[in-house]
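Please look at the sequence and the structure shown below, and keep both at hand while reading the report that follows.

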Amino acid sequence: MAVLHEALTVLPFLCLLTCASAIGVNWGIQSSHPLPPSTVVQMLKDNGIQKVKLFEADEGIMEALKKSGIQVMVGIPNDLLDGLGGSETTAENWVSKNVSKYVNDGVDVRYVAVGNEPFLQTYNGSFLNITYPAIQNVQAALIKAGIGNQVKVTVPLNADVYTSPTGKPSDGDFRSDIHGLMVQIVSFLNDNNAPITVNIYPFISLYEDPNFPLDYAFFQGSAAPVVDGSISYTNVLDANHDTLLSALRKNGFNNLSIIVGEIGWPTDGDMNANIQNARQFSQGLVNHASSSQGTPLRPGPMDVYIFSLIDEDLKSIQPGNFERHWGVFYYDGTPKYQLSLSSSNTSATLVGAKGVKYLDKKWCVLKPSIGLDNQNIAAAVSYACANADCSSLGYKTSCGNLDARGNISYTFNSYYQMNDQDERACDFNKLATVTNENPSTTTCRFNIMIEASLATSLRSIRGSWGWVAFVPLLVIFL
């Protein structure tokens, strides 16, 4: 532990002053072809990103973060909570393998995030009885390992754990069905000098309610602010944050630190998910969180993690097609838009991943000789989309202006690239062919995949394709 103490004392003084309020990012890995961890870590450093939140302690990523100077929040998936909460030994083993080991090797782990939105109402109480015991056992394991002062537990919660009956932040309190549990958890965090983490999604508010005022999601003021006494709330982040703060104060925890663990704006998959909105939101977020303005009830810089760093083409699209497009960077580490992550240098912009290698410049498209009335097309399109990513197709999406042939070709190419341009993946009962002419349009990218040698491909080619669940969305394109 003497080595660890020495390493911590030589951290750059500037980082000690600024890292707590610097903008962090969420790094998810639900991708068919993730970038090599070393490439992503270099990209983080090139962009001056000093904090990263992980959803699990992936070995390759943790190794790449050694001696990087990047602060790390390590996540524990919900499916591990039962085991961790039921056994102190299990928690000690998890901490030893996923935290202590890397701390001793130079990874600057600051937090362990126990679960991910475990009290989300759609989980129907699945994790209500096991989350708090898991938090307690993990914290005890950190202390036993001798790293309890450096590494703190937290629990990332969805904003649905608190509410306000009037809509005013000052009337915020914890949800009635989990009120006692939340007070227990918050008290434990407070006793251990640990923060509470909340995920706030203005985009979801807009997605679920078409009448939600768009300007209220951003940071340039609102035509219809929420008036709460002498305070006027002009954006969702401030109002949501202060609703939580009011809930904490109401239950006797005035000074508990709050981390905004996830907040962002997707760039595709929905009519409001586009590059323009994402850039406006993200730059406004960075400027707001980095300033000393803070929120009306808690002025000062905010601790915020943008969701997310890179697009993930294997994320579930059950909530919506936008789920695969939260990244500030595309799947290959290319910046989607100009964004300054420093409020002190507004002219700075994002630096993309370096040294990325791609497959050959070729695409899979519908054969010109095949008519749109071919009876095999519907099944082929359904199969391709069930086994690849077609989330950019739809009403007012980036590829929403393609004609019928273009839509079919997009689905074929997505499957072809997902399977590393294997020639068997561009057949579809002789409907498809490989072309060297890029079919992309000004708004719609027909991707070329990253070389498989530089990534872990999670897909394998199937010997034949058959009938699968029908994809109703795509019928309109045929």
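## Helix H11, the cores and the open spaces

Directly after helix H11 comes Gly 252, which has a positive phi near 90°; helices here are DSSP runs of H or I with at least four residues, numbered from the N terminus. This is a predicted model, in which local features need pLDDT of at least 70 and side-chain atom pairs count only at pLDDT 80 or more, whereas totals for chains, interfaces and linings use all residues. Residues are numbered from 1 along each chain as its sequence is written, and side-chain values use heavy atoms, with hydrogens and water left out.

H11 has 15 residues and reaches 21 Å from its first C-alpha to its last, close to the 21 Å expected at 1.5 Å a residue, where the expected span is 1.5 Å times one less than the number of residues. At the start of this helix, a side-chain oxygen of Asn 235 comes to within 3.1 Å of the backbone nitrogen of Leu 237. Of the 15 residues of H11, 13 are buried, so the helix is largely enclosed by the rest of the structure; buried means under 20% relative accessible area, found with a 1.4 Å probe on protein chains only. Asn 240 is found in H11 and is itself buried, with a relative accessible area of 18%. Leaving aside neighbours within four places in sequence, Asn 240 is in contact (heavy atoms within 4.5 Å) with Ala 159, Tyr 162 and Ile 200.

The largest nonpolar core has 117 residues, and those with the most contacts inside it are Val 99, Ile 196 and Leu 309. Helix H11 (residues 236-250) gives the most to this core, with seven residues. A nonpolar core is a set of buried Ala, Val, Leu, Ile, Met, Phe, Trp, Tyr and Cys residues joined through side-chain atoms within 4.5 Å. When residues up to four places away in sequence are not counted, Ile 196 touches several residues, including Leu 157, Met 182, Leu 244 and Leu 248. A second, separate core of 19 residues includes Cys 364, Leu 366, Val 381 and Phe 428.

Asn 387 lies in the loop between helix H13 (377-386) and helix H14 (404-418), and at 9% relative accessibility Asn 387 counts as buried. A polar atom of the side chain of Asn 387 lies 2.9 Å from the backbone oxygen of Tyr 383.

Two of the spaces in the model are set out here.

| Space | Volume | Lining includes |
|---|---|---|
| Largest cavity | About 40 Å³ | Val 25, Ile 49, Leu 309 |
| Second largest pocket | About 970 Å³ | Asp 311, His 325, Asn 447 |

On a 1 Å grid over the protein atoms alone, a cavity is a set of points where a 1.4 Å probe fits but cannot get out, while a pocket is an open set with protein on both sides within 12 Å along at least five of seven lines, and lining residues have an atom within 4 Å of a point. The structure holds three cavities of 30 Å³ or more. H14 gives the most to the lining of the second largest pocket, with five residues.

How values were computed. Buried < 20%, exposed > 50% of the residue type's maximum accessible area, 1.4 Å probe, protein only. Helix = DSSP H or I, 4+ residues; strand = E, 2+ residues; numbered from the N terminus. Polar contact = N/O pair within 3.5 Å; in protein donor to acceptor, adjacent residues only side chain to side chain. Points joined across faces, edges and corners; volume = space filled by probe spheres on them.
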